[in-house]
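Dear colleague,

Here is the structure I promised to pass on to you. Please have it open beside this message while you read.

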Amino acid sequence: MSTATVPASVEILPGYEVIAHLRRGEDTDVYDAWSHERDCRCIVKTLVPGASRTARARLLREGQMLVHYTHPNLVRGYEVHTTPVAAVVMETVTGETLGHLIAYSGRSPLAELCALGVHVSSVLGYLHRDGVLHLDVKPSNIVCQEEQAKLLDLGIAGAPGRSRGYGTPAYMAPEQRRGGIIGPATDVWGLGVTLYEAATGAGPFSADDPLLGRTASPIGKIRRLPRPVADVIDSCLAPVADDRPELRELADVLRHQLD
């Protein structure tokens, strides 16, 4: 079975010509493509050769959500295709991922850190109000562009309830990894880890820490921040979900620093 990607200048979908293959994940390929109808660049996400039916269903579900949900801090979905290949067409988001910025620039300035938290809290709250948990909040799923953060990838988004154990280990809440009951506080944990990393340049736990209930080192020991900001980020990493702040509380603290 061929594992080759679609080469440049070839149509991956009718009217969508590949500019470049950007990356390959476990189940999906992501392409930079030109839309002849829209006369602009866009992103096309397809399945890798031999991907499972489960992966196909997950991709199509993600596409349907991205087309349905509209928020200034969420990547916009344009179309969902089932033929000739399963694919999702999305807007091209300029800027760098937060993960890239942390790797090359280290700590985010306070104003950028607070704006990041406000933006991501806003879009997560929007999704939560419709019963959707993101479940994979992390720096590589956030693009920072022109003083605006955009959340990417609803590939494993789901409803509150029993965890299926999906996610990125370093950013999964204890209840998410244990197969416990997940809810909005699960995404608060992921955002807390992300803000901690953006603030300090490193995650709150070591690479081999199972994240099953250990308490993170207080962020104030690593970087001097306004006390309310340090406290609210630390509280996002409370091992017990009920001890974490609501997104509105988190955003209010961070927004106050921007006034």
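Predicted model: local features only at pLDDT ≥ 70, side-chain atom pairs only at ≥ 80, totals over all residues.

Residues are numbered from 1 along each chain as its sequence is written, and side-chain values use heavy atoms, with hydrogens and water left out.

A nonpolar core here is a set of buried Ala, Val, Leu, Ile, Met, Phe, Trp, Tyr and Cys residues joined through side-chain atoms within 4.5 Å, where buried means under 20% relative accessible area, exposed over 50% and partly exposed in between (1.4 Å probe, protein chains only). The largest such core has 55 residues, and those with the most contacts inside it are Leu-116, Leu-191, Leu-195, Ile-233 and Leu-254. A second, separate core of ten residues includes Val-18, Cys-42, Ala-87 and Val-89.

Turning to the cysteines, there are zero disulfides, a disulfide being a pair of cysteine sulfur atoms within 2.5 Å. Cys-40 does not form one because its sulfur is 6.0 Å from the closest cysteine sulfur, in Cys-42, which is too far for a bond; Cys-40 is partly exposed, with a relative accessible area of 23%. For Cys-114, the closest cysteine sulfur, in Cys-236, is 12 Å away, again too far for a bond, and Cys-114 is buried, with a relative accessible area of 0%.

With best wishes
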